[in-house]
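Please keep the sequence and the model open beside this note while reading. The points below go from the overall fold to single residues.

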Amino acid sequence: MPLPLVCISLTPIRKKKGKNMLKMYYEKDADMSVLKGKKIAVIGYGSQGHAQAQNLRESGVDVIVSTRTGTPNHQLAVKHGFKPVSVD
C-alpha cells in the first residue's frame, strides 16, 4: 500500500503571532488524474529524489529516474527496481 502523499510548501504563506506558518498538502488535495498517461522524470536519486520517485510509482504514476552511471545512487535506483537513464 502506498504511503499518503504529503507535500509541504517551503514558502511561508502567512504569519501568526509573528511566526511563519506553512501550508501542508495531502493526497486529498491533489488531482492525480492530471498525471494519468504521462511519464514523470525524477532527476537524481538522492535524499529527495528516491523518496519522490518511489512515492509516485507506488501511487500508480509512470516514473523514469535519471542518475549518473556508476554512482551509489544509480545502484540504489536499480536495487529499488528502476532502470535509470544516464545524465552523463
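1. Helices are DSSP runs of H or I with at least four residues and strands are DSSP runs of E with at least two, both numbered from the N terminus. With that in mind, helix H1 is followed by Gly60, whose phi is positive, near 95 degrees.

2. A word on the basis of these values: this is a predicted model, in which local features need pLDDT of at least 70 and side-chain atom pairs count only at pLDDT 80 or more, while totals for chains, interfaces and linings use all residues. Residues are numbered from 1 along each chain as its sequence is written, and side-chain values use heavy atoms, with hydrogens and water left out.

3. The chain contains seven strands and two helices, arranged along the sequence as β-β-β-β-β-α-β-α-β. Of its 88 residues, 20% are buried, where buried means under 20% relative accessible area, exposed means over 50%, and partly exposed lies in between (1.4 Å probe, protein chains only). The chain exposes about 6700 Å², of which carbon and sulfur atoms supply 57%; this area comes from the Shrake-Rupley method with a 1.4 Å probe.

4. Contact here means heavy atoms within 4.5 Å. Among the contacts in the chain with a separation of 6 or more, 27% are accounted for by residues 24 or more positions apart.

5. Three strands form an open sheet in the order E5-E6-E7, with parallel pairing, and two strands count as paired if DSSP finds at least two bridges between them. The edge strands, each pairing on one side only, are E5 (39-43) and E7 (85-86). Strand E6 (residues 62-67) is joined to E7 by two bridges, and the bridge partner of Ser66 in E7 is Val85.

6. Helix H1 (residues 49-58) lies across E5 and E6 and runs at about 160 degrees to E6; axes are lines fitted to C-alpha atoms, for helices over the stretch in contact, and angles run from 0 to 180 degrees between N-to-C directions. Which residues of H1 are buried? They are Gly49, Ala53, Gln54, Asn55 and Leu56, and these buried residues pack against E5 and E6.

7. Two neighbouring positions of this helix deserve a separate look. Gly49 counts as buried because its relative accessibility is 9%, and, leaving aside its neighbours within four places in sequence, Gly49 is in contact with Val42 and Gly44. His50, also in helix H1, is partly exposed, with a relative accessible area of 26%. Between His50 and Val65, which are 15 residues apart in sequence, the C-alpha to C-alpha distance is 8.7 Å.

8. A search of the whole structure finds one aromatic pair, that of Tyr45 and Phe82, which is edge-to-face with 5.7 Å centre to centre and 65 degrees between the planes. Rings of Phe, Tyr and Trp (its six-membered ring) pair if their centres lie within 6.5 Å, and planes under 30 degrees apart count as stacked, over 60 as edge-to-face and the rest as tilted. Because Tyr45 lies in the loop between E5 and H1, and Phe82 in the loop between helix H2 (72-79) and E7, the pair ties together parts that are 37 residues apart in sequence.

9. Tyr45 and Phe82 are both buried. The charged end of Arg57 sits over the ring of Phe82, 3.9 Å from its centre, a description that requires NZ of Lys or CZ of Arg to be within 6 Å of the ring centre and within 35 degrees of the ring normal.
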